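Please keep the structure open beside you as you read.

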Amino acid sequence: MSDTKSPKQITYRIRRYRPETDDRPVWEEYQVEYSEGMTVLDGIWKLKETTVPDLAWRSSCRMGICGSCGMLVNGMPRLSCNTQISELNSDVVEVAPLPNYPIMRDLVPDLATMFDDHTAMKPHVMREDRDELENPSAEFYQSHEEMEGYLQFSYCIKCACCVAACPTCATDPVYSGPMPLGQAQRYNTDSRDDGFEIRKQTLADEKGPWRCHYAGECSRVCPKGVDPA
């Protein structure tokens, strides 16, 4: 008799939405042959190649750097490329688009509002000496200690997991959310920047941090340890 074991099968339960045919999102289940070290994103690619050719999602680097493959995996916003199936301790992988955003198709959320709020925070160095900014005569010097003041916020990859996890964003359409506010902090803390008075015009209104209920979910799900809370 052969000792060869049948490959382990993993059930993918995926929230599908095809706007041309579906009135609302529906759950569909598929079987994927599991191999050691497989990530959630690996399984999705395998499904597209073998079973579900029209499945839509975003991904690029597969290295946890670009931030494009954020999804709701077994109830938690995560980067699917950075999440191994073995970490889930389950034979069922439930995948849905990130919440708190409109769904464009299948696992593709519309992140336009998040990036609009990000843009409103003026996420770039602003200086009072504009001529020097546009035609610098030398580097804008910054010590290692000054850089440490904003370094953790610079690790943000705009994956949207924090906004998807935020209960305030789920109920308040005006509130900017942790990613845009974290990036405002990144530049407000930068010793080379003079833009706080300009950003304060946005931060002081209903888009600002005053609406935060400090649930801390943004920091719990951040794949880069930015700790926006």
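## Helix pairs and the sheet

Helix α8 (residues 178-188) packs against helix α9 (residues 196-203) at an angle of about 160°, with the axes 10 Å apart. Axes here are lines fitted to C-alpha atoms, for helices over the stretch in contact, and angles run from 0 to 180 degrees between N-to-C directions. Helices (H or I, at least four residues) and strands (E, at least two) are DSSP runs, numbered from the N terminus. Before going on, note that this is a predicted model, in which local features need pLDDT of at least 70 and side-chain atom pairs count only at pLDDT 80 or more, while totals for chains, interfaces and linings use all residues. Residues are numbered from 1 along each chain as its sequence is written, and side-chain values use heavy atoms, with hydrogens and water left out.

α8 and α9 are therefore roughly antiparallel to each other (angles under 35 degrees count as roughly parallel, over 145 as roughly antiparallel, 65 to 115 as roughly perpendicular and the rest as oblique). Which residues meet between these two helices? Leu181, Ala184, Tyr187 and Asn188 in α8 meet Phe196, Arg199 and Leu203 in α9, where contact means heavy atoms within 4.5 Å.

On the α2 side, Met114, Asp117 and His118 meet Met179, Pro180 and Gln183 of α8.

Now to the strands. Five of them form an open sheet with mixed pairing, in the order β2-β1-β5-β3-β4; two strands pair if DSSP finds at least two bridges between them. β2 (26-33) and β4 stand at the edges with a single partner strand each, so one side of each is left without a neighbour in the sheet. On average, neighbouring strands are turned by 35° against each other, direction ignored.

| Strands | Sense | Bridges | Example of bridge partners |
|---|---|---|---|
| β3 (residues 70-73) and β4 (residues 76-79) | antiparallel | four | Leu72 and Pro77 |
| β1 (residues 9-16) and β5 (residues 92-96) | parallel | four | Thr11 and Val92 |

The hairpin of β3 and β4 has two residues between the strands, and Asn74 takes a positive phi near 50° there.
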